[in-house]
Amino acid sequence: MDIATIIGILLAFGALFGMVQMEHVELGGLFLPAPMLLVFGATIGCGIASTTLKDALAAFKAVPTAFTGKVTPPQAVIDDVVGLAETARANGLLALEQEADKHDDPFMKKALQNIADGTDGDELRILLEDEIESNAAPMRSASAFFMGLGGFAPTVGIIGTVVSLTHVLANLGKPDELGPLIASAFVATLWGLLTANFMWLPIGGKLRKLAQLESDRQTLLMEGLLAVQAGSQPRLLGERLTAMVPPSARGASGKAGKATAGADDQQLAA
């Protein structure tokens with residue numbers, strides 16, 4: 001579980017709360033039902049109107065993923081692929097059919113099953129590339145939906161402020177009431193900017209990042225399994241896959257490579 005989104009949003013609201021306390025602002029004056037209803041209701045309504053109902057519902061269902069999304073380390077993928085390469089080298093490609101039953105990942109299961117069935121390498125690459133694109137599409141759609149909400153919210157807040165200011169202008173003959181009315185008018189703008197930058201945009205950005213990370217994982221897995229099908233040596237395969245990963249994300253990549261190299265040396269010695 002990656003808690004970056006939870007920490008970030010809590011930090012943002014914490015900083016806002018700290019400012020409110022330091023400025024001695026009354027919290028009750030910020031939580032006004034009318035502007036909040038407009039900002040939340042109209043923003044979500046505009047978002048739904050900009051897409052299909054099915055995609056909007058799917059986007060809201062994806063919200064928990066932004067807070068609990070699991071990121072698989074690239075090294076774990078490399079270790080799995082190197083292990084499969086060693087199995088295929090020792091027992092043949094047909095042994096990968098049994099390995100497919102040991103994995104819960106549908107993408108890996110499909111790839112291993114096709115390799116065991118003797119699918120042509122070029123055809124398998126096309127199949128897996130299409131699968132990667134299809135798997136990423138729902139999360140990207142959800143990300144685009146929330147990024148859209150982040151664009152609508154500030155404008156909706158300004159609309160609320162304009163509506164409230166018309167009420168202020170209608171009461172210019174009551175100077176004692178102008179101050180509170182003007183303050184209330186800008187609450188809609190506050191909530192528009194706040195929800196956009198503290199909620200919608202971070203959620204949309206996190207979903208987009210998770211979609212990219214999952215696509216990268218599946219691409220790394222695809223390249224590794226295609227190399228296994230082609231009969232690549234496990235040690236060289238591990239080094240090749242490690243080279244595809246950014247240095248900051250490699251982790252303890254050397255350990256797997258050394259272990260595999262040792263196993264290869266023992267096999268050669270035997």
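Which residues are buried in helix 7 (residues 106-116)? Before you start, note that this is a predicted model, where local features need pLDDT of at least 70, side-chain atom pairs count only at pLDDT 80 or more, and totals for chains, interfaces and linings use all residues. Residues are numbered from 1 along each chain as its sequence is written, and side-chain values use heavy atoms, with hydrogens and water left out.

**Solution 1.** Start with the cut-off: buried means under 20% relative accessible area, with a 1.4 Å probe and protein chains only. In helix 7, that picks out Phe107, Met108, Ala111, Leu112, Asn114, Ile115 and Ala116. Next, look at the cover: it includes helix 5, helix 6 (96-100), helix 8 (121-169) and helix 10.

**Exercise 1.** Work out whether histidine 103 is buried or exposed, and what its side chain reaches.

**Solution 2.** Find histidine 103 in the loop between helix 6 and helix 7. Its relative accessibility is 19%, so histidine 103 counts as buried. Now follow the side chain of histidine 103: it gets to the backbone oxygen of glutamate 99 at 2.8 Å.

**Exercise 2.** Describe how helix 5 (residues 74-91) and helix 10 (residues 187-229) run relative to each other.

**Solution 3.** First, the axes (lines fitted to C-alpha atoms over the stretch in contact) come within 10 Å and cross at roughly 15°. Angles under 35 degrees count as roughly parallel. Helix 5 and helix 10 are therefore roughly parallel to each other.

Notes. Axes are lines fitted to C-alpha atoms, for helices over the stretch in contact, and angles run from 0 to 180 degrees between N-to-C directions. Helices (H or I, at least four residues) and strands (E, at least two) are DSSP runs, numbered from the N terminus. Angles under 35 degrees count as roughly parallel, over 145 as roughly antiparallel, 65 to 115 as roughly perpendicular and the rest as oblique. Buried means under 20% relative accessible area, exposed over 50%, partly exposed in between (1.4 Å probe, protein chains only). Contact means heavy atoms within 4.5 Å. A polar contact is a pair of N or O atoms within 3.5 Å; within protein, one must be able to donate a hydrogen and the other to accept it, and residues adjacent in sequence count only if both atoms are side-chain atoms.
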